[in-house]
Amino acid sequence: MRARLKDQIPTLLVALLAGTFGVLLLHVTGMLAVAIAADSVTGESDTVALMLPVVAWVFIVIAIYVSAVVTSNTVATVVAGRTRLIALLRLIGSSARAERGRIAREGLAVGFAGAAAGVLLGTLAAFGLERVAVATGVMPAVDYQYLNVSVLLPAIAVVLTTWLASWVGSRRVLRVRPIEAIGQSVESGREELVRRRGRNIAAVVLVVLGTALLAAGIVVGLVRPEGVLIGLLGGILSFSGVVLAAHVVMPPVLRLVGRLFGRSPAARIAAENAVRNPERASRMTIGLVIGVTLVTTFSVTMESYRAMIHAAIEAQPEVFAGVEGMLNVTIAIFAVLIGFSALIAAIGMVNTLSLSVLQRTRELGLLRALGFEARQLRGMIVAEAAALTVAATLTGLVLGFVYGWAGAQALLGGAQGQPVFIFPGIPWAMIGILVVAAGLLTAVASIAPARRAMRVSPVVALATD
Amino acid sequence: MQIQPSDLGLIARVAALGKRYGSGAGQVTALDDVSLGLRRGEFTAIMGPSGSGKSTLMHIMAGLDTPSSGQVWLGDTEITSLPDSALTVLRRRRVGFIFQSFNLVPTLDVRGNVLLPFELDGRKPSLDERMWIEELYEVLGLKSRLGHRPHELSGGQQQRVAIARALATRPDLVFADEPTGNLDSRTGREVLGLLAGASAGYGQSIAMVTHDPIAASHADRILYLADGRIVRDAGRSTPEEIASFMLSMETAA
C-alpha cells in the first residue's frame, strides 16, 4: 500500500543531517590526522593522533543518539496524527502488529534515503571545506583519500537507528483501538498509566547505572584517555534515563517557568497546557533539552580543554608553539558540527509543537467560541512555546554543565601524564549564543502554529467531525 | 449437545447483554439485559432515539467493544472473550462495515479500497472472488471510476465504494452505521436500495443502525431500542408506521 510519506519529512531531515554529520566529521578528522602527521611539530605527539578518531566517534555517537531520540518522538507525533487512518485499517481487519511494522518499514526506507543522501552531502561538504582551508592557508594541502569505507559506518548506523527509533516511537500504534475510526461516538483512549511504572523503574535503573559508569569513566580517565568512552556510555545511559523520565522531570520545571509569565488568561492557560499533558510536554521539550545539553556539554569540555592548553603554553611556550592556532581551528570546526546536533534537536521541537497545535484544533476553536480573541490565542501559543523553550534551556544548561565537566575530566584528567583535577571552564559566550538561539527558536517554532491557531474558526469546536 | 446459533438460522446472537459505564452513583447503563438473534440473509434495522444504546449494541456485536455482561456470537463463534488477534482476523474475513462518513483510505483509489481486505489478509482474491468483485463494480456503477481517489468522488459514489468493500469478502454480516446520514435523500434512497438488493439478491445478512424511519423502511425487520432495552421487534413497515412508533416512544419517555 502506498503510504503517506509527507509527514515523514522531519524524520528524513533528521536522518539526512545525522548522516551528513557523521560522514563529514570522519572526513574532517581523517584530513586533520593526515595534516598533523605531516606537521613536523605535532607529528611527534601520537596523543593527538590517537585522540582524534576517539573524539570524532564520540561526536558521531552523540549525533546519532540525538537523532534517534528526536526520530522516536517525531514518529510518535506522526502516529498521533495518523490515528484515524490506523483505526480504520484496524477496523477493516489489519492487525496492530502489521500497522506498527508498516511504520517501522517506513522508518527503514526513510533512514536509508537520508543516510545515502548524507554520504553524498557529507563528502561534498568535506571536499569543499578542504578546498577552502587549503586556499586560505589554514591547513596545508594534504593527500587525503575520499573513497574510504569507514565513512559508510555512520551511514549504516543512521539507517539502523532510524529503523529502531521508528519501531520504538510507533508503540502508540498498539493502543489505537479500531472503534476510534467511527469518530465522535468514542473518546480516543488516554495514555495508559499502567505502563508508567515499568518506565519509571527503567529510568531510575538507567540513571543509577549511567552515573556509576560516568564516575568510572572519570576515574579511568585519570590514567588513560579511553576513560572518556566509558564516560560516554555512562552519559548516554544516564541521559536516556532522564529522557525516559521526562514526563516526571519536565512538569515541575515547566510549572516553575509558567509562573514567570504573569497572570493574564492567555499566560495562565498556556502554563496549564504545558503541564496538563506530561507525555506531550515531555515529547516537545526533550529534543531541545538534548540539544542544549549537548551544546553546553561540548562548550564546557572545550573551555576546560582550552584552559588546560593555555596553562601548558604558559609553562612551556617553546614546546606548544603553534598549537593555539590548530586548537582554535579544531574548536571552530567542532562548534559548527555540534550545531548540527542542535539543529536536529530544533527540528524535533518545531515539528512537535506545530503538530500538537494541529491536533488541538478543536480545543482552540472552543477557546475562540468562548470569547478568546485571535490575538490572545496567538499570545497563548507564543507563551506556550516560550515556556517550553525556557524550561528546556534551563534543564539543558544544568545537565550540560555536569556532563561537560565529567567529559573534560575523563578526557583530559590523564592527558598530562599524571592524574589532575580539571577545573570546569564556563563558556560565557556560548551561553549567550544559546539564550539568543532559544529566543529565536521560540519565535520560529510558534510562527506557523500561531498563524494556524488564529485561523481556527469557532465553528470547528462545535462540528462533530 | 448445545444448540448453535446456526441451528436456529441465526447469523448473530447476543444473550443477556449488558453494558455499563463508570461505577457507583455515576454509573450509566447503555445496554440492559438485551437478548436477540439476527436471521441469516435478512436486512435488519436497529432503530432508536439518541442514547438508546443502538450504536453500543452494534459495536459490541461487531467485536469493537466488550460487554459488561452477557454473551455475543457471530455465526457459531462466541466472540465475547476472543483475544484481539482473533477479533482482527474475524473483522477481516467475516464482518463488513459501512459508515456514515464513508471512511475510505484517502491515498488509495477505488480498486485499492475495495481490495484492501484481501491485501490485509495477505492474499489475492480467487478467480471466483474476482468475478464477484467485477459483478459488484457493475451493480454499484463503479466500472468507470476504478482509478479515482475518494476525493474525486461524490458522497454517493464514495458510499458505493464502501459498500463494495464491505461486500467483497462475502462476510457473514455487514454492519451499517447510519449509512445515509451524510447523503441527500435521493442518493440515500439509492444506497438503501442497493443494500436491500444485496440482502434480497445475494442473501447478504445486514444489520443497519439508524434513527431515520425512511432508511428503516427498506429493512425486512426492525428492532426498536429505548434506554438500553429492546422494546419492539417488528417486520417490514412503512415509514409512517415507524415514525409514529418512534414518536410514541419519545412521548412515553
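Chain A has two assigned domains, domain 1 (1-182) and domain 2 (245-465). These bounds come from an automatic or database domain assignment. The model is predicted: local features need pLDDT of at least 70, side-chain atom pairs count only at pLDDT 80 or more, and totals for chains, interfaces and linings use all residues. Residues are numbered from 1 along each chain as its sequence is written, and chains are lettered from A in the order in which they are written.

The centres of the two domains of chain A, taken over C-alpha atoms, are 21 Å apart. Their contact takes 25 residues from domain 1 and 23 residues from domain 2. Two residues are in contact if their C-beta atoms, placed from the backbone, lie within 7 Å. On the domain 1 side, helix H1 (9-38) and helix H2 (46-81) of chain A each give two or more residues. H2(A) supplies the largest share, 14 residues. Helices here are DSSP runs (H or I, at least four residues), numbered from the N terminus; strands are E runs of at least two.

Now to chain B. The UniProt annotation "domain: ABC transporter", from an unreviewed entry, covers residues 12-252 of chain B. Such annotations may be inferred rather than shown by experiment. This span is 39% helix and 26% strand.

Look at helix H3 (residues 110-120) of chain B. Its buried residues include B:Val114, B:Leu116 and B:Phe118. A residue is buried if 20 or more other C-beta atoms lie within 10 Å of its own, exposed if 12 or fewer, and partly exposed in between; C-beta atoms are placed from the backbone. What covers the buried residues of H3(B) includes helix H3 (83-92) of chain A. After H3(B) comes B:Gly122, with a positive phi near 70°.
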